[in-house]
Amino acid sequence: MSEPTPYVPKNILITGAAGFIPSHVTNRLTKLYPDYRIVALDKLDYCSSLKNLGPSYSSPNFKFVKADITSADLINHLLVEEKIDTIMHFAAQTHVDNSFGNSFEFTINNIYGTHVLLEACKLTKSIKRFIHVSTDEVYGETDLETDIGNPEASQLLPTNPYSATKAGAEMLVMAYHRSYGLPTITTRGNNVYGPNQFPEKLIPKFIILAMKGERLPIHGDGSNVRSYLYSDDVAEAFDVILHKGVIGHVYNIGTKKERRVLDVAEDICKLFGLNAQEVIKFVQDRPFNDQRYFLDDQKLKKLGWREQTSWEEGLKMTLEWYTKNPDWWGDITGALHPHPRISNIMPSHDEGCLLQLIKGSKKGCGSDLKFLIYGRSGWIGGLLGKICEERGIAYEYGTGRLQDRNSLMHDMIRVRPTHVFNAAGVTGRPNVDWCESHKVETIRTNVVGTLTLADICREVDILVMNFATGCIFEYDERHPLGSGIGFKEEDKPNFTGSFYSKTKAMVEELLKEYENVCTLRVRMPISSDLCNPRNFITKITRYDKVVNIPNSMTVLDELLPISIEMAKRNCRGIWNFTNPGVVSHNEILEMYREYIDPNFKWQNFNLQEQAKVIVAPRSNNELDTTKLKNEFPELLSIKDSIIKYVFGPNRKT
């Protein structure tokens, strides 16, 4: 009888991927199977780190998503969006000591989180393998006298809150397999050790304490027996189970080689040349501490897996890794306590890890364009997305807030952009007068947020196309009204009449220090959508009275596609982003009457009269577009562009 054909996944979701064991599995699969797409999900709890996924950063088949498995909407979306056909579910709270003090957290993560995943799989009906990762602790204590390990059919008799939640999760997995036919496989593993393990666990804790010259705390008398597997061997076991495991079955991942906790401490002391009797100290035991866990591993061996790494070899490699990476986890003081608690431990990920992951993701994205756009709900941001769709350019909208540095970095890890377009900002609701009474909110977004985005992108060498404003100038003696002399890119802003303009002038000046930013000065934007209330033409046709002053303006239908071309050309610095020339309010309204509504009428009033009905003065100016025209000679003058892109298509016949 021939062996069954190995299972071949396409898109694998690995939950808890930045944790110890799953990171080794993730890095192995990403490297060995370039045709598989690996989506690594983790909420980045205290014991996980993006550093653990370093080997996968630059792989084109790897993607990281920061998320919590208890978020049902997000999980449902992710399974569909990423076309997931395989789930390897590692995410869980795992440290027994913590479960005695924070058991509800274990129930939420381990049981409810698993339930959310199972329900999402039931709804999407696209999952061909669901590998649920459990623990040997669900069997409860093994008799010290027996030499027969627990087989997979053994009764589950958990003895602590952690193992109870893992057993509960297993019951849900079994129920979804039997009730809904979900293709599940469950694993139960012995203790694992190796590089990258958070030092709340026994072996890394003892190694780090020995490195620090501190004493090694042992619960009780140290007679408790455990079996230990090296991380690379365990990663290979999951590789085998993924490809050869049988749906509906349970597989023990174990070893027959057992050691007392005291033996482990003594072996570490030997490697450091320490006197065990002087270094080891015995502390109060856990509320309950199983004496022994012992597994029957024959079923997995029949699939072809074998333990490869000896205890001596594995312990030596683990010690060498921690010696070379003493600061991997940052401040771990709380984890080194004899009885650590989650509240004593700070999150382990830091900005350096996030930036490194962005750089790695960027390397793996190839030469194809991928835009990350901020300002989805805004006018320009929305139009940019439509243009990308029309031109077949890959893009996604950012979900992070501009002033939240961490959320922006996670956007970049998720999207892996080649360019970032910033069309977000506070312009006022419904106009810039709003900014006069909301100055702090305006500063946060227009100054702090924009600089934060530029700074992150500079760290990872990503070009930012930043949509700014030309409303930072007003006609003056050197640039008189009607002279045709426009303000150039290098001119200093001279308009401070509105708080909105102040913030935009301030951030533009600061952005000059960022060589990765292309600043596009937009003015009085116009588009072919005459129903849009943000369209300058729409605005003035709805006013009771208008001033009549010539101004530089931006026809978005012509210039937004040019902004995409500028990104492709790697344009940087400041650009006056308006059509050449000026047009007055009356000239626009005359065209509106000619092309759209022959019965349209309006009234003018002067600036003094206008000042009585507005809070903040308005900017009026002409911008010099020589630089833009030289780069794009086909650019139309403002009047010709309005006729071609706005009034022509909307002409009433």
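**Notebook: strands, a sheet and a helix pair**

I started at Thr 187, which stands opposite Tyr 251 in strand 10. This is a predicted model, in which local features need pLDDT of at least 70 and side-chain atom pairs count only at pLDDT 80 or more, while totals for chains, interfaces and linings use all residues. Residues are numbered from 1 along each chain as its sequence is written, and side-chain values use heavy atoms, with hydrogens and water left out.

**Entry 1**

I looked up how strand 6 (residues 184-189) meets strand 10: they run parallel and 4 bridges join them. Two strands pair if DSSP finds at least two bridges between them. Strands here are DSSP runs (E, at least two residues) and helices are too (H or I, at least four), numbered from the N terminus.

Axes are lines fitted to C-alpha atoms, for helices over the stretch in contact, and angles run from 0 to 180 degrees between N-to-C directions. Contact means heavy atoms within 4.5 Å.

**Entry 2: strand 15**

I moved on to strand 15 (residues 419-422). Are its residues buried or exposed? All are buried (under 20% relative accessible area, 1.4 Å probe, protein chains only). His 419 and Phe 421 point one way, Val 420 and Asn 422 the other. In a regular strand the side chains alternate between the two faces of the sheet.

I checked both partners. Strand 13 (residues 370-374) runs parallel to strand 15, joined by 4 bridges, and Leu 372 stands opposite Val 420. Strand 16 (residues 463-469) is also parallel to strand 15, with 4 bridges, and His 419 stands opposite Leu 463.

**Entry 3: helix 20 and helix 23**

Last, I looked at helix 20 (residues 585-595) and helix 23 (residues 638-650), whose axes come within 10 Å and cross at roughly 30°. That makes the two helices roughly parallel (angles under 35 degrees). I noted the residues making the contact, among them Met 591 and Tyr 595 of helix 20 and Ile 643 and Phe 647 of helix 23.

Note on methods: Angles under 35 degrees count as roughly parallel, over 145 as roughly antiparallel, 65 to 115 as roughly perpendicular and the rest as oblique. Buried means under 20% relative accessible area, exposed over 50%, partly exposed in between (1.4 Å probe, protein chains only).
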